[in-house]
Amino acid sequence: MNGMIEGVYEPVEHHWFHCEQQVDCKDSWFPFSREDSPRLEEAHKYGETRGVEEMVVATEGRRFDVRLKERRRYAVYWEQPPSEVRRCSWFHKGDKDISYTPYPEHTSLILEEAYMISVTLNDWTRKLEFPTGETVVLHSRMLMTQQQTIPSKYWISFPSASEQSRPRTVKRGLEGISIEIPEGEPYQVDHLVFMVHGVGPACDIQLRGVVQCVNDFRDASLSLLSSHFKQSQDGAHMGRVEFIPINWHRVLHGDATGVDEDIQRITLPSISRLRQFSNDTVLDLFFYNSPTYCKTIIDTVASEINRLHSIFLQRHPQFTGAVSLTGHSLGSLILFDLLTNQEIHNTDEKISSVSSPSEATSINFESFEETLRNFGLGKFFQMLTKEQMDLESLTLCSETDLKDLGIPLGPRKKIMCLLKRWREQESRTGTSQPVPGVPGVYSQVQEQPTLLSDAPSTSPVDYKYFDIGIGQVSIVYPQLAFQPQAFFALGSPIGMFLTVRGLKRIDPKYSLPTCKSFYNIFHPFDPVAFRIEPMVVTPGVDLPPMLIPHHKGRKRMHLELKDSLKRVSSDLLLSISTLRGAWQTLTTLPVNTLPPVASVGTTAALPPQESEGSRAQNGTVSPTEMKNISFGMLNGGRRFDYVLQEKPLESFNEYLFAIQSHLCYWDSEDTVLLLLREIYEGKGILL
């Protein structure tokens, strides 16, 4: 009976893996999900039987494409070196290795063939020697080892030769291997969120880029959806939220602008590492306040959002959800300035169209003289040409320059209006390019267009005030291809920048033109974050921010203890005050022995709590007064300043954790849960 069982051979089940290089430059292999691996296997078999030259499979929420013939995995929404893909069935692991490593596919085929012969013939004395020096020994079904053959002449030069010669464990298939295979992501996407990073190329305390940080943010959202929205997910009412990173730092510091070379020429050679860090991070703040580079940053962010939004819709043709924006640090200010300059368009009006009150067609600037004649400025053509001016040089003139030329006030205003319309037309034509994409499995992938590489245009600086009272650098702001549902600012300096621009108060009636929800989320120890609600509510009102609940459903223990101590101390002071008042009453002389005038002052002996009543202390707002406070329309009349709860360790020294507090949002489950709750609340799905 045992011999018959031993002679039964069953083919091995394959699972697909992809390789990723870690910080220590070591390759680590990660399995595809239980949904993606069968799809890859099915496409692989289909391509082999039908003789299809190339098969491409969309994996990991359609964020990556796997080209089966190349055995390569390509990112769709961001630039990333392609990674190797393997169809795995045999694995090996050393004593000091953390996880199993899959054999190359051709090696796995040799091992599987030898295993099949050993099972069929019940012969377990086989040794397989490979040209690379490895020897695999098949002892039994459950015991297989690999040994590395090292010539004796190398033993002296390699002290660790004895360790390398130790046998490695060999496994067939995934059975018996401790490896976590992800279940996969819901197919349905309910909401799309674009995330814009702040200063510098690194986004968190581990110096990782925005792609890795957004990946962790997405993973946390999937985990919280399965734990906090499980009932709605089981009822097939909801899918998931997709998060896509927007990288503008690479474009600003790329070859197109040449800014890094210019800065490097004037950088002092001393403390080189500190200066390099400053050039990569702090200088981004100054670049954003420059009209030239501010336009480069704004155009890059807007064009990337529109480009990736177009790719997403092509890869998710059934998507009917809304889109939100999230910005961290300087990225939140970039989005805020962009959203304050959006225009509300009709549904049948294209974003790239330009119209004026007098004409609906675009302006033709081919002839300088003809353009001036069309606007009733033909008599100034000789004056301008005498100064050797054309349309390009005219765009660099300010109103003061035109006044110095002797042009009257009326024609000056016409010229300034003409130049403004020309800048708008230049910025809105030819900015979006269609990018092809096909969901699921498809036969070929076309190359995606590169990021914005045109030289930045220059616009005069004008810190102007709009009707709503928000000032910013006056450049031509591009338009987004959609109207965002919400804007989430993480660790944002928006309040500080508005104040520096000379803005003391935001009109409570103001709301972002195309975005009706706004959330200012910050850590209490974040040195870069500022509040915004005090710029909207009545001056003098001391209103604490909204406390973001812990993702496990309560306040942190140390904060509850702190609140309890405050209540105890408050009750103790109240009791002492009451006893003092009672003692003064008992020690006061009888009324009939006091002078008549003293009877008027007997109210001074009343306890203080009776004389003060329900008056708010230290300028704070009582619950009854809270109902009468207007929080403006930035968030539809609701609160929008939200503060995270600090961790117990952080509360010991807030200075020590200041920098970490500014970078904590990417892996903060409390922040992720707040975003999910606000997003799905608009869909009628409550936590």
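Leu207 is exposed, with a relative accessible area of 68%, where exposed denotes over 50%, buried under 20% and partly exposed the range in between, computed with a 1.4 Å probe on protein chains only. The structure is a predicted model, in which local features require pLDDT of at least 70 and side-chain atom pairs count only at pLDDT 80 or more, whereas totals for chains, interfaces and linings use all residues. Residues are numbered from 1 along each chain as its sequence is written, and side-chain values rest on heavy atoms, with hydrogens and water left out.

Leu207 has a positive phi of about 60° although it is not a glycine, and is found in the loop between β13 (189-196) and α5 (210-228); helices (H or I, at least four residues) and strands (E, at least two) are DSSP runs numbered from the N terminus. Glu60, likewise not a glycine, has a positive phi near 50° and is found in the loop that links β3 (56-59) with β4 (64-67). In contrast to the exposed Leu207, Glu60 is buried, its relative accessible area being 19%.

The protein chain contains 23 helices and 22 strands, and buried residues make up 45% of its 687 residues. Of the contacts in the chain (heavy atoms within 4.5 Å) that have a separation of 6 or more, 71% are between residues 24 or more positions apart.

Six strands form an open sheet in the order β8-β7-β12-β11-β10-β9, with antiparallel pairing, two strands being taken to pair if DSSP finds at least two bridges between them. The edges are formed by β8 (101-102) and β9 (126-129), each of which pairs on one side only. Strand β7 (residues 90-93) is joined to β8 by two bridges, and pairs with β12 in the antiparallel sense over four bridges. His92 has bridge partners in both of these strands, namely Thr101 in β8 and Val170 in β12. Two bridges also join β11 to β12 in an antiparallel manner, and Gln146 has Arg168 of β12 as its bridge partner. Helix α3 (residues 105-121) lies across β7, β9, β10 (134-138), β11 (144-148) and β12 (168-172), and runs at about 170° to β9. Such angles, from 0 to 180 degrees, are taken between N-to-C directions, with axes fitted to C-alpha atoms, for helices over the stretch in contact.

The largest nonpolar core has 96 residues, of which Phe194 and Phe487 have the most contacts inside it; a core of this kind is a set of buried Ala, Val, Leu, Ile, Met, Phe, Trp, Tyr and Cys residues joined through side-chain atoms within 4.5 Å. Helix α11 supplies the largest share of this core, ten residues. Leaving aside neighbours within four places in sequence, the residues in contact with Phe194 include Ile244, Ile246, Ile305, Leu308, Val323, Leu325 and Phe482, together with His309, Ser324 and Thr326.

Helix α11 (residues 291-315) packs against helix α12 (residues 330-340) at an angle of about 80°, with their axes 10 Å apart. The two helices are therefore roughly perpendicular, a class that covers 65 to 115 degrees, with under 35 being roughly parallel, over 145 roughly antiparallel and the rest oblique. Ile297, Ile298, Val301, Ala302 and Ile305 of α11 meet Ile334, Leu335 and Leu338 of α12 in this contact. Its residues divide into eight nonpolar, no polar and no charged, where Ala, Val, Leu, Ile, Met, Phe, Trp, Tyr, Cys and Pro count as nonpolar, Asp, Glu, Lys and Arg as charged, and the others, Gly among them, as polar.
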